[in-house]
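Mentor: Please look at the model below, and then we will work through it by question and answer.

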Amino acid sequence: MLNQEQLQSYRDHGHLTVEAVFAADDILTAVADAEDWAEAEIAQLDADGRAWYVEGAVKDRAVLRKLDNPVYLRPAFCALASNEALLAMVAQLIGAEPQAFFSQIFFKAPGGGGPKPVHQDNFYFGPNDPDSMVTAWIALDDADVENGCLFFGEGTNLGPVIPHTSPAGEPFNLLIPDEVARGYEMTAAPVRRGGVSFHHGNTLHQSSDNQSSRPRRACAIHYGNGGTSLVTPALIYDRAVVVKF
Ligand SMILES: O=C(O)CCC(=O)C(=O)O
């Protein structure tokens with residue numbers, strides 16, 4: 001469970017790091033499953049799928065940038081998402097009856113895994129209540145500045161959702177334009193494998209490219225509470241993949 005200081009810190013800063021939520025075995029099982037899934041998936045992607053899911057920044061081999069809906073599709077990731085300690089923390093942050101609206105594995109491969117520009121998850125999801133969504137970013141590897149940990153705009157959870165744009169040809173890559181993003185100081189949030197970095201849906205965040213020779217894999221689970229509905233989503237989110245616990 002989170003203590004009062006942690007809860008206050010989340011409310012004030014819009015993010016919170018909690019180390020050692022998961023046992024090493026849970027993470028090893030999930031990583032092995034993610035790698036198997038990625039190998040199978042990359043072999044069968046069509047041209048559009050390759051354009052979106054294959055890591056463009058890695059030139060010497062084909063590796064995936066991300067995979068969608070692991071919590072819905074993969075028992076090993078559903079097990080992470082339904083971990084009792086994690087769900088108790090999520091409920092403390094956003095309220096009762098947590099449900100996973102969407103989830104993603106980010107691979108950020110060694111030797112080039114590319115950056116994720118500054119954005120707010122609530123722009124993507126458009127929930128009825130901005131405080132009712134939190135992302136639990138589970139570190140599948142130690143994540144630090146060198147291999148591309150998350151950076152957060154302190155206290156931006158207390159501000160509005162800002163209009164996003166997308167680069168030409170990348171309609172799913174919604175981002176806050178550089179000239180606006182530059183006005184926010186972003187602070188790094190390193191977290192060890194098995195730890196969780198939580199962020200509020202309004203919190204500005206980004207990650208840089210992986211400049212190390214180590215992988216930086218993570219699973220982001222976007223939870224809402226029992227009353228959350230996505231009223232102004234920027235992309236299409238399928239209600240059928242929502243996982244209730
Ligand atoms: O893992 C990353 O680099 C990006 C993660 C992210 O944007 C999120 O969890 O909302």
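**Pockets and ligand**

Trainee: How many nonpolar, polar and charged residues are in the lining of the largest pocket?
Mentor: In this predicted model, local features need pLDDT of at least 70 and side-chain atom pairs pLDDT 80 or more, whereas totals for chains, interfaces and linings use all residues. Residues are numbered from 1 along each chain, and side-chain values use heavy atoms, without hydrogens or water. A pocket is an open set of 1 Å grid points for a 1.4 Å probe, with protein on both sides within 12 Å along at least five of seven lines, and lining residues have an atom within 4 Å of a point. With Asp, Glu, Lys and Arg as charged, Ala, Val, Leu, Ile, Met, Phe, Trp, Tyr, Cys and Pro as nonpolar and the others as polar, the lining of the largest pocket holds 25 nonpolar, 12 polar and 11 charged residues.

Trainee: What volume does the largest pocket have?
Mentor: The largest pocket is lined by 48 residues, and W52, R65, K66, Q104 and F106 are those nearest its centre. Its volume (the space filled by probe spheres set on the points) is about 1100 Å³.

Trainee: Which residues come nearest to the ligand?
Mentor: The ligand sits in the largest pocket, with more than half of its atoms within 2 Å of the grid points. The shell around the ligand divides into 4 nonpolar, 6 polar and 4 charged residues. Of the 14 residues around the ligand (a heavy atom within 4 Å), those that come nearest are H119, W137, H205, S207 and R216.

Trainee: How far is an N or O atom in the side chain of R216 from an oxygen atom of the ligand?
Mentor: For D121, a polar side-chain atom lies 3.1 Å from a ligand oxygen, and for H199 the corresponding distance is 3.4 Å. A polar contact is a pair of N or O atoms within 3.5 Å, and for the side chain of R216 the distance to an oxygen of the ligand is 2.9 Å.

Trainee: What share of the ligand's accessible area does the protein cover?
Mentor: Accessible areas come from the Shrake-Rupley method with a 1.4 Å probe. On its own the ligand has 300 Å² of accessible area, and the part that the protein covers is 98%.

Trainee: How much space lies in the second largest pocket?
Mentor: Its lining has 9 nonpolar, no polar and 3 charged residues, including E35, E39 and R217. The space in the second largest pocket is about 210 Å³.

Conventions:
Polar contact = N/O pair within 3.5 Å; in protein donor to acceptor, adjacent residues only side chain to side chain.
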